[in-house]
Amino acid sequence: MSALRGLWPEVQDTCTSLGLMLSIVLSVALARGVLRQQMHRPVAHAFVLEFLATFQLCCCTHELQLLSEQEPAHPTWALTLIYFFSLVHGLTLVGTSSNPCGVMMQMMLGGMTPEIGAMRLLAQLIGALCSRYCIGALWSLGLTRYHVSERGFACRNPIQVDLPKAVIIEAICSFIFHSALLHFQEVRTKLRIHLLAALITFLVYAGGSLTGAVFNPALALSLHFKCFDEAFLRFFIVYWLAPSLGILLMILMFSFFIPWLYNEHTTNKKE
């Protein structure tokens with residue numbers, strides 16, 4: 001009985017954190033519903049949707065990161081939560097990317113005009129910065145023992161390897177995720193969301209202890225804003241340039257290299 005009493009504060013804190021994340025998801029869903037009825041200008045509608053999606057993703061990831069740090073020796077629980085909330089984001093944030101790399105991919109493939117792309121990038125940037133200060137305000141309420149407002153404004157460097165390895169890890173994560181995103185478009189929506197959630201969980205498991213496996217520049221800015229301030233060039237290269245490089249390599253491979261290889265093979269067979 002005494003052991004159960006000792007565990008109760010941790011269970012209570014975990015439930016409070018989960019409740020906070022679900023409250024954010026529900027609030028964003030409500031805002032999206034109101035927006036759908038009240039706002040009829042397509043550009044403004046897309047801007048606000050992208051802002052809300054990035055805001056939700058960043059706020060929940062801040063809280064997930066906080067929960068995962070409480071049980072570093074037992075990562076299974078954290079990975080389960082990552083999978084679950086990846087499903088939640090996939091189901092509730094339909095029509096948005098919440099990731100500048102996703103916008104870049106659509107622009108490079110001709111699926112989005114530069115003007116709309118720039119607008120979505122701006123919305124993601126604002127959403128990422130707003131989420132940082134909103135989560136700091138929520139933590140200042142002291143809802144759990146781990147909610148301390150000062151924590152959100154400290155640099156907690158997640159890069160545990162040298163710069164070249166960190167760049168390779170983030171580029172590979174971005175390459176794999178966006179390749180799957182591109183090629184899973186024909187898969188049924190419900191199955192696609194599960195596959196992408198499982199892939200995100202795997203990438204975080206594989207690279208999380210090395211760089212955090214963020215592969216999202218907007219999310220990295222929200223999570224590590226203070227680190228960008230203290231070591232801008234290093235974090236800019238790892239969390240902005242490296243994922244963008246992964247996108248570029250992915251597009252070059254699937255749009256140019258593989259078709260060229262196929263054409264060469266076909267030509268040789270005919271000869």
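Contact, as the word is used here, means heavy atoms within 4.5 Å. The structure is a predicted model, in which local features need pLDDT of at least 70 and side-chain atom pairs count only at pLDDT 80 or more, while totals for chains, interfaces and linings use all residues. Residues are numbered from 1 along each chain as its sequence is written, and side-chain values use heavy atoms, with hydrogens and water left out.

The protein holds 10 helices and 0 strands; helices (H or I, at least four residues) and strands (E, at least two) are DSSP runs, numbered from the N terminus. Read from that end, its elements run α-α-α-α-α-α-α-α-α-α. Among contacts between residues at least 6 apart in sequence, 77% join residues at least 24 apart. Of the 271 residues, 41% count as buried; buried means under 20% relative accessible area, exposed over 50%, and partly exposed in between (1.4 Å probe, protein chains only). The accessible surface comes to about 14600 Å², and 68% of this belongs to carbon and sulfur atoms. Such areas come from the Shrake-Rupley method with a 1.4 Å probe, and for residues only the protein chains shown count as cover.

Glu63 lies in helix α2, which covers residues 42–70, and counts as buried because its relative accessibility is 1%. Residues up to four places away in sequence aside, Glu63 touches Ser17, Leu20, Met21, Ile135, Trp139 and His147. With one of these, Trp139, the side chain of Glu63 makes a side-chain polar contact of 2.9 Å. A polar contact is a pair of N or O atoms within 3.5 Å; within protein, one must be able to donate a hydrogen and the other to accept it, and residues adjacent in sequence count only if both atoms are side-chain atoms.

Leaving aside neighbours within four places in sequence, Thr211 is in contact with Pro158, Ile159, Val161, Ala166, Ile169, Glu170 and Tyr239.

Charged side chains also link parts of the chain. The structure holds 2 salt bridges, a salt bridge being a side-chain nitrogen of Lys or Arg within 4 Å of a carboxyl oxygen of Asp or Glu. Arg145 forms one with Asp13, and the closest N and O atoms are 2.7 Å apart. Because Arg145 lies in the loop between α5 (114–139) and α6 (163–183) and Asp13 in helix α1 (residues 2–38), the pair ties together parts that are 132 residues apart in sequence. Asp13 is buried, with a relative accessible area of 7%. Arg120 and Glu50 also meet through their side chains in a salt bridge, at 2.5 Å from N to O. Here Arg120 belongs to helix α5 and Glu50 to helix α2, so parts that are 70 residues apart in sequence are tied together. Both Arg120 and Glu50 are buried.

Aromatic rings form a further set of links. A pair of aromatic rings is described by the distance of the centres and the angle of the planes. Rings of Phe, Tyr and Trp (its six-membered ring) pair if their centres lie within 6.5 Å; planes under 30 degrees apart count as stacked, over 60 as edge-to-face and the rest as tilted. A search of the whole structure finds 10 aromatic pairs. One of them joins Phe84 and Phe85, edge-to-face at 5.1 Å centre to centre with 85° between the planes. Within this pair, Phe84 is partly exposed at a relative accessible area of 42%, whereas Phe85 counts as buried at 1% relative accessibility. The ring centres of Phe235 and Tyr239 are 5.6 Å apart and their planes stand at 35°, so this pair is tilted. Phe235 and Tyr239 both lie in helix α10 (residues 232–270), 4 residues apart, about one turn of the helix. Phe235 counts as buried at 1% relative accessibility, and Tyr239 is buried with a relative accessible area of 1%. Ring pairs link Phe228, Phe232, Phe235, Phe236, Tyr239 and Trp240 into a cluster.

A nonpolar surface patch of about 550 Å² is made by Met108, Leu245, Leu248, Leu249, Leu252 and Phe256. Patches are made of residues with over 30% relative accessible area and no salt bridge: like charges are joined within 9 Å, nonpolar side chains (Val, Leu, Ile, Met, Phe, Trp, Tyr) within 5 Å. The largest share of this patch, 5 residues, comes from α10. Met108 lies in helix α4 (residues 100–108) and counts as partly exposed at 42% relative accessibility.
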